[in-house]
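Dear colleague,

I am passing on the structure below, together with some notes on its helices and its sheet. Please read them alongside the coordinates.

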Amino acid sequence: MQRIVFYRHEKDGEAFYEYNFYDHQFAPTNLVVRKILMAMLESVREQLTHLEVEYNDKMLADKLGKRAGELLRFLGAARENLQENRSGDVVVSRQFRAELTPERYDYFYQMKDVSELSHYRLLAGERERIVFYFNRYLLLQLPIGDEERFYAALTERQVPYKIEAVSPPI
């Protein structure tokens, strides 16, 4: 198997690793992609405190059917924490933030399709740690001193990888 390319840059004492779906021929359901998410989760597990999910009602219902509402409630969606994102009078997406409980962590760790939710972020307080963005990329952000945890988690899962340094975004 080819090595998985992670684009790496640094900013403010943090390292950023991006897995770009366009660079690889793997579907979000592929075991390699799932292993990448598992490695990301393990490398920052102790830091994670919250999750944020953004979704489109129709897209989620089309993908999950009746299970959509149940999943959103399980992940912590409630009227009190739901925010609507509008374009004029049309609700284009909704989002919520909730505590990342051990059961919710396990949901992400055991995902069979990392794109089950269109856009999610796992946070350490207010700081992003893992971001999945609309089948474009998976991003890991962690303190520079913690990078070896990520490398070890990839190696443990037998995911061959290559790191390419890039300039940080403006």
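How are α1 and α4 oriented to each other, roughly parallel or roughly antiparallel? This is a predicted model, in which local features need pLDDT of at least 70 and side-chain atom pairs count only at pLDDT 80 or more, while totals for chains, interfaces and linings use all residues. Residues are numbered from 1 along each chain as its sequence is written, and side-chain values use heavy atoms, with hydrogens and water left out.

The axes of α1 (residues 31-44) and α4 (residues 102-109) come within 9 Å and cross at roughly 150 degrees (axes are lines fitted to C-alpha atoms, for helices over the stretch in contact, and angles run from 0 to 180 degrees between N-to-C directions; helices are DSSP runs of H or I with at least four residues, strands runs of E with at least two, numbered from the N terminus). The two helices are therefore roughly antiparallel, a term that applies to angles over 145 degrees. In their contact (heavy atoms within 4.5 Å), Leu-37, Met-38, Leu-41 and Glu-42 of α1 meet Tyr-105, Phe-108 and Tyr-109 of α4.

Within α4, Arg-104, Tyr-105, Tyr-107 and Phe-108 are buried, that is, under 20% relative accessible area with a 1.4 Å probe, protein chains only. Among the elements that cover these buried residues are α1, β3 (50-55) and β5 (90-99).

As for the sheet, 9 strands form an open, mixed arrangement in the order β4-β5-β3-β6-β7-β8-β2-β1-β9, where two strands pair if DSSP finds at least two bridges between them. Strands β3 and β6 run antiparallel and are joined by 5 bridges, and His-50 has Leu-123 in β6 as its bridge partner.

Best regards

Note on methods:
Parallel < 35°, antiparallel > 145°, perpendicular 65-115°, else oblique. Buried < 20%, exposed > 50% of the residue type's maximum accessible area, 1.4 Å probe, protein only.
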